[in-house]
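I opened this entry to look up how the chains sit together. My notes follow in the order I took them.

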Number of protein chains: 2
Amino acid sequence: MRDIAPTHRYRNNDKAIGVGNAFWDMSEQNGLAGIVAELEDGVLRTAEGHEFVNFTCCSYLDLDSHPAVIEGAIAALRRFGVLDHCIPRSRVQIPALLELEASLGELFGADVVSAISAGVASAGLLPLIASGHLGNGVRPLMVFDKNCHVSMAGAKPSCADETEVVSCDHHDVGFLEDMCKQYRRVCYVVDGSDSLGGYAPVLELAELQEKYGLLVYYDDSHSISAYGERGIGYVRTHCPVLDERTITVATLNKAFGTSGAAIMLDGYPKQVLRIVERFAGALSYSQPMNTAAVGASLASAEIHRTPELGLLQKRLYANIELFDSLVTSEQAGSTYPIRVVPVSDETVVAAGRKVFEAGFYVSPVFFPIVARGTAGLRVMLRAGQTEEQIRALCAVLGEATAA
Amino acid sequence: MRDIAPTHRYRNNDKAIGVGNAFWDMSEQNGLAGIVAELEDGVLRTAEGHEFVNFTCCSYLDLDSHPAVIEGAIAALRRFGVLDHCIPRSRVQIPALLELEASLGELFGADVVSAISAGVASAGLLPLIASGHLGNGVRPLMVFDKNCHVSMAGAKPSCADETEVVSCDHHDVGFLEDMCKQYRRVCYVVDGSDSLGGYAPVLELAELQEKYGLLVYYDDSHSISAYGERGIGYVRTHCPVLDERTITVATLNKAFGTSGAAIMLDGYPKQVLRIVERFAGALSYSQPMNTAAVGASLASAEIHRTPELGLLQKRLYANIELFDSLVTSEQAGSTYPIRVVPVSDETVVAAGRKVFEAGFYVSPVFFPIVARGTAGLRVMLRAGQTEEQIRALCAVLGEATAA
């Protein structure tokens, strides 16, 4: 019988599951994971009757429960009469996705291609970038930021069969410049907005883009809608290079409030856009966004065009400021809606439980998910949380983390 | 400047795009791809006013436009009040997915885990099988059928970083037995029902499963709902090994008529199901099926429990028989709803155009998508097509393919 020795060059389930499963088991044993609750009027209620406010939800503007968004989904279901009329869109399509892409294209000022999720978008696009088909025809060295979301990092093995793949330290612009000097073309894969708080150095990267033709692939899922004029997100607000050297994907499930994802492209000729539609993995063969998600997204896009979007962003920022005035964190002072409140390794789970019992869900992060000594409670602010709720949470956080 | 030489062990965009793009361009230049049309009362209508019946739609039972399915989607939107309440389900979830999984679990007689698409399910599950975490703990040799759908074949690079990966000829049971003799564990990855017609040899495979513990991973997307008691599909109807050695995924976008996918597992302990939920790629971090898809799927599952399902299947089979009585194809005589009508390489595109102009969309397949000399018009039968429509299509097919 032959024995198999895994290569583990880009992924290692033994390690990932060894590390992660212990974290999840401990979270669940302490009632801080595996929670099932009905949502009503912004409050979650378990079958046992425990009520709590969700402070780990990425719907930063509460557009997920906006009546116009839900009615938009229903209107599209009635208009199109199907969730999906199953045939590859490259053959025959009902106009749903085209209308959505036109609307989002106008909103974000880009050529937009839709996908069922940002993960599906990245899994499809990154190998196409690796082979040079989405880009300038040259196979780039693919440099993955070591902190980039797993939905991007998961594409490493596929990219490595089309070109060379390396990882770099978080936001290591110096390393990128070295690589740009050595390779004809480099692509950097990074979050525009990190899931533990913080933004990509878009201006420094733009310098490399201008100087060396660096291609940057951003996932800006955590800032779309929540940041910038009409919610165009952090990357497209600040990046001065909005042409074929910048590719941005963003989920529509977070602040946008619906379901699906948008790929934002600039300056690519029509033939390249067709190649994306035809060959970017699941974009070509798999399920598209369903019509309910399309209708909800059209409605959310309309809200983005009205002053209501700015009001919701202001409420979110006011809530972030209020939180920062009451609780210290490394992220304090930024517009980013995520905060990690430091707690000792020994007490973080107990602190999370205390906060939950008091009626608030925040998510504990601790070893082995993060390094020992860097544990904390992750808090996500939203526009719809009331001043009273935030003050009450902060009071409980003060007591729980002092313990 | 360093030059990059791609390995191209498991994928090759140069080749795939070189081959495929020519096919799509030619299809589109001839008006047989890139078609946009509104769907009304089962007929598609382009902006220019051309009307046609879709004979390349996989909604084999027409459940996609069933009023109860659409109303189910709307009811769920109103009940849950969000399409998605964005937080990983392993932390906190509204009961939507759990209710769906319970219903589908009862329907299919399995432990069901949902996913946004069958492609996302395979991309998540196959590497977990490769590392032995979904299975019996032994890293298997992963044998991919050379015809298996690209949504499975696309996982080869990721699997190859966790174990050994090979391909085999279509349904090559002899090769599989050889491998079973050489490796402690083998996993065979194959379509339960092929997209060009035909079923997997489940009984022969079951012998290897019993004799050697072969693990078989089936994508049964083309037969779910359309085949078997209560629509349990071809694999689960005929496979005598419904335990941890058989894993089946199926889309809900085809005959089931909604949006999403079901993973069907048997005999795995709860810890393994949690590992799937937590570590099967996008199942753990990405967007779940939205509530509209959940509500539609609950409604479709209800229809599957009534005599209506059997009536729809009977109508589908009657339509297949009618077609077979009028047009010759290699697939004639099977319950499979797909037929490929042979046409010469030189005339297949013109034939496809003639059929389209007469008011029917069938999809031409030709070189470089299939080998020279094997071109044809792919026809998909559905329950909702009328006898008149089928007779008219067959008459046109006769004229067009005789030319």
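**Symmetry**

I laid chain A on chain B: a turn of 180 degrees and a shift of 0.0 Å along the axis give an RMSD of 0.0 Å. I then looked for the residue of chain A closest to the rotation axis and found A:Pro157, its C-alpha at 2.6 Å.

**Ground rules**

I note that this is a predicted model, where local features need pLDDT of at least 70, side-chain atom pairs count only at pLDDT 80 or more, and totals for chains, interfaces and linings use all residues. Residues are numbered from 1 along each chain as its sequence is written, chains are lettered from A and ligands numbered from 1 in the order in which they are written, and side-chain values use heavy atoms, with hydrogens and water left out.

**Interface**

I took contact as heavy atoms within 4.5 Å. Chain A puts in 112 residues and chain B 111 residues. The same surface serves both copies, as 99% of the contact residues of chain A recur in chain B.

Next I looked up the buried area, the accessible area (1.4 Å probe) that two parts lose on being put together, summed over both. For chain A and chain B I read about 9,300 Å², with 53% from carbon and sulfur atoms. A:Ile4, A:Arg91 and A:Asp161 supply 9% of what chain A buries against chain B, more than any other three residues.

**Salt bridges**

My rule was a side-chain nitrogen of Lys or Arg within 4 Å of a carboxyl oxygen of Asp or Glu. I checked B:Glu71 with A:Arg78 and found the closest N and O atoms 2.7 Å apart. For B:Arg278 with A:Glu28 the closest N and O atoms are 2.9 Å apart. This pair runs from helix 10 (residues 270-279) of chain B to helix 1 of chain A. I took helices as DSSP runs (H or I, at least four residues), numbered from the N terminus.

**Aromatic rings**

I paired rings of Phe, Tyr and Trp (its six-membered ring) with centres within 6.5 Å; planes under 30 degrees apart count as stacked, over 60 as edge-to-face, the rest as tilted. I count 20 aromatic pairs over all chains. One cluster holds A:Tyr199, A:Tyr227, A:Tyr234 and A:Tyr336.

Terms used. Least-squares fit on C-alpha atoms with pLDDT ≥ 70 in both. Helix = DSSP H or I, 4+ residues; strand = E, 2+ residues; numbered from the N terminus.
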